[in-house]
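User: I would like to go through this model by question and answer, with the criteria stated as we go.

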Number of protein chains: 2
Amino acid sequence: MAKEETTILVTNDDGIIAPGIRALVNAVKALGRVVVVAPDSPQSGKGHAITIGTPLRLDQVDLFEGIEAWQCSGTPVDCVKLARAKILHRRPDICVSGINHGANHSINIIYSGTMSAAMEAALEGVPSVGFSFLDYRYDADFTLPQQVAHEVTAKMINTKLPAGTLFNVNIPVVDASAYKGLRICRQANAKWVEEFEERIDPHSKKYYWLTGEFRNLDEGEDTDVWALENGYSSLVPVQYDLTDYKLKQQLISEWKL
Amino acid sequence: MAKEETTILVTNDDGIIAPGIRALVNAVKALGRVVVVAPDSPQSGKGHAITIGTPLRLDQVDLFEGIEAWQCSGTPVDCVKLARAKILHRRPDICVSGINHGANHSINIIYSGTMSAAMEAALEGVPSVGFSFLDYRYDADFTLPQQVAHEVTAKMINTKLPAGTLFNVNIPVVDASAYKGLRICRQANAKWVEEFEERIDPHSKKYYWLTGEFRNLDEGEDTDVWALENGYSSLVPVQYDLTDYKLKQQLISEWKL
């Protein structure tokens, strides 16, 4: 695709004023016509939520010099749907989401608004990618993530990929000298062990804050968690047929329905 | 498992007062000790959202005769996490979610709070199942869905299943005489074609309602959509490793990183 033909939809889940989306716009703006459609407030952990019970607002904003940008009152998935239907009036050529402030490797993909936005575009047949940086801080240094986002997006634009291709890219916190490059991985088998912090409000009523500890249960060296722990950025190609085909065959023979 | 040993966690996404969860409690209460933990408000379309930025409330309620029940201010996934950590203080033996007012077949699984609640329990190693009834009406007749929920839950309790087994069960709207039984299926390849209805509020500002049309792109007779259209309940065994292994191998050989 030539640059003038490529429409790049940029979104995220940390909200349109997050430094990570600014880094992503800077990463891809030389690669095509960039249109930003992102939530007007932080939407972390929203997974694949859509807004059904309340109407959506969409307002054009001037936040990125020379680049069309819209903020939306809904979830990351709502942003992608609205972008196609009400702003672009067609599918974008590629959708990039992020750069998330914090990791979205392994099982975190199912909780992640960043990845759900990218998956929504992929479901529409658009090659899509979510970028997440393991540094959670608001003032994190996005130099390396921005380079990786540029590299991967350029590669996606210049490569023939299947319709609906979706990548989950995570970038480690490492010194430039220790960085080893991009590695194609599978999703690690990992989980969160959650606890809830119990507190008492000023009206003597209990409330709970979700807290949790991440546990990697996977010793493989082909996983995203392994790559990130060893100085690589991880790239996991993602699909969304959740059928467990092995168990399906087993049930068909054993349950004799 | 003997009845007295089986703790059954019941949750949903339509909220604790929905008729569907009452039908589910009735479907499973003879099979073990039932504990209900469900959202205090409708949470349809919340996907795998979790609550991070606000604290959670949890209140015991008396809605189901003789059955312990709690309402939670969070999402369906929050309910499952809180049930383990703050109510049961251990994992339930089985988690049943629903019965949802409306379909959750095919790609709808990724938008569904009903299925995300069940998936959250499955991620903890708990055999879990989500039930959804294709009749969206509040006053739908849950006789058949309740029978199917009883049958499947009893089968799950009495069968040795792999840890983390997760089923997506949908029940069609058919006359009892035309009902053909349960069928093990794969997730149909389908999508939503969305539009947004644009309106003007009393302050002359635009707002949008999400609307959409479901399109089945799959002609297979082994899918959940096919089963439901042909008088069967569908059961899709679900897994949550989203890695696209075929594309992973292709990228490793073609991208030469």
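User: Is A:Thr153 buried or exposed, and at what relative accessibility?
Analyst: The model is predicted, so local features need pLDDT of at least 70 and side-chain atom pairs count only at pLDDT 80 or more, while totals for chains, interfaces and linings use all residues. Residues are numbered from 1 along each chain as its sequence is written, chains are lettered from A and ligands numbered from 1 in the order in which they are written, and side-chain values use heavy atoms, with hydrogens and water left out. Buried means under 20% relative accessible area, exposed over 50% and partly exposed in between, with a 1.4 Å probe and protein chains only. By that criterion A:Thr153 is buried, at a relative accessibility of 0%.

User: How many of the residues of helix α3 of chain A are buried?
Analyst: Among the buried residues of α3(A) are A:Met115, A:Met119 and A:Glu120. Helix α3 (residues 113-123) of chain A is largely enclosed by the rest of the structure, because the buried residues number 11 of the 11.

User: Within what distance of the backbone nitrogen of A:Thr114 does a side-chain oxygen of A:Ser112 reach?
Analyst: Just after α3(A), A:Gly125 has a positive phi of about 90°. At the start of α3(A), the side-chain oxygen of A:Ser112 comes to the backbone nitrogen of A:Thr114 within 3.2 Å.

User: Which are the edge strands of the open sheet of nine strands in chain A?
Analyst: The strand order in chain A is β3-β4-β2-β1-β5-β6-β7-β11-β8, with mixed pairing, and two strands pair if DSSP finds at least two bridges between them. Each edge strand pairs on one side only, and these strands of chain A are β3 (58-61) and β8 (181-184).

User: What is the centre-to-centre distance in the aromatic pair of A:Phe167 and B:Trp255?
Analyst: A:Phe167 lies in strand β7 (residues 166-171) of chain A and B:Trp255 in helix α6 (residues 245-255) of chain B, so the pair joins two chains. Both A:Phe167 and B:Trp255 are buried. The pair is edge-to-face, with 90° between the planes and a centre-to-centre distance of 5.7 Å.

User: The charged end of which residue sits over the ring of A:Trp255?
Analyst: A:Trp255 is buried, with a relative accessible area of 5%. A charge sits over a ring if NZ of Lys or CZ of Arg is within 6 Å of the ring centre and within 35 degrees of the ring normal. At 5.2 Å from the centre of the ring of A:Trp255, the charged end is that of B:Lys155.

Notes
Rings of Phe, Tyr and Trp (its six-membered ring) pair if their centres lie within 6.5 Å; planes under 30 degrees apart count as stacked, over 60 as edge-to-face and the rest as tilted. Helices (H or I, at least four residues) and strands (E, at least two) are DSSP runs, numbered from the N terminus. A polar contact is a pair of N or O atoms within 3.5 Å; within protein, one must be able to donate a hydrogen and the other to accept it, and residues adjacent in sequence count only if both atoms are side-chain atoms.
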